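Walk through this fold by its aromatic contacts, then its helices, then its surface. Keep the model open as you read.

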Amino acid sequence: MVPLDYKTPEGRRRRFRPIPVRMLVPNVITLLAICAGLTAIRLAIEGKMEWAVAAIVFAAVLDGIDGRVARMIKGQSKFGAELDSLADFVNFGVVPGLVLYFWQLQELGNGGWIAAMVFAISGGLRLARFNASIDDPNKPAYAANYFTGVPAPAGAVTALLPIYLAFLGVAKPPATLTAAYTLLIAFLMVSRLPVFSGKTVRMRVPPEMVLPVFVSVIFFIALLIGYPWHILSIGTVLYLASLPLGWKSYKNHERAAAAAGAAPATEATAESAQTFTAPASDTPPDDRPERLH
């Protein structure tokens, strides 16, 4: 076998294949999300908390877009998946913890830093578990519509609820209460709580509902821009209130699957019993001695 000479045009073409632009677009969106998260840290250090929280929310929006764009233009790649996990750890683990620390947790000294650090580590552990369980062959079919634990973007947006309320004029809670709330959200991220994901919901709109959907989306975006802290506060409270409903729905699916699995087993046992039961003979019993048989 003759080794390739990479100095020739043929060798360079075989070694470095051109990458389609559609493979780059989702990664560019992910990098923009990382830039937003890192900028949030700078803004928090400078005391510009409103802009810092807005940067985290913007990173969460970009995180929800990049995966859908990749699937839409068929630009998925292993590199993109790894980059997305890194972005999620930075934007929704490290950044919210630091923003909360600069906002109030630093009043507790080492205790506040521990709370922020536990939140960041919980985000990393949650993402690692998610990546490890993607190809789990033992996962039931109904489990595809549920997350295990609160997802990292939702955990980040939810953990910032005390800051939203402070922006609305609500009195700042004690630092110990903020630390306890931060640790609670961190626990929810690493817990085994089933959380409804909505991934399997069909995103098809009837033709007669296209214009109303457009108007509704524009109206929601206008509300979010005009009243961001009201919308984020209400959305966070509703999301936390919906967690028990997701758990109840998962348990209902689990019980239904167990009942469906027990029914075929019972029927199979009955059929086997019928198969191996000897039929009654119409001939009279033979009373002759054994040796004459």
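Phe-167 is partly exposed, because its relative accessible area is 22%; buried means under 20%, exposed over 50%, and partly exposed in between, with a 1.4 Å probe and protein chains only. The model is predicted: local features need pLDDT of at least 70, side-chain atom pairs count only at pLDDT 80 or more, and totals for chains, interfaces and linings use all residues. Residues are numbered from 1 along each chain as its sequence is written, and side-chain values use heavy atoms, leaving out hydrogens and water.

Now the rings. The whole structure holds 6 aromatic pairs. Rings of Phe, Tyr and Trp (its six-membered ring) pair if their centres lie within 6.5 Å; planes under 30 degrees apart are stacked, over 60 edge-to-face, the rest tilted. Tyr-146 and Tyr-250 have ring centres 5.3 Å apart and planes at 85°, so they pair edge-to-face. This pair links strand β1 (residues 146-148) to helix α10 (residues 228-275), 104 residues apart. Helices (H or I, at least four residues) and strands (E, at least two) are DSSP runs, numbered from the N terminus. Both tyrosines, Tyr-146 and Tyr-250, are buried.

Phe-167 and Trp-229 are tilted, because their planes stand at 55°, with centres 4.7 Å apart. Trp-229 is buried, with a relative accessible area of 13%. Ring pairs also join Tyr-101, Phe-102 and Trp-113 into a cluster.

Next, helix α3 (residues 49-72). Just after α3, Lys-74 takes a positive phi of about 55°.

Last, the surface. Phe-214 lies in helix α9 (residues 210-226). Phe-214 is exposed, at 53% relative accessible area.
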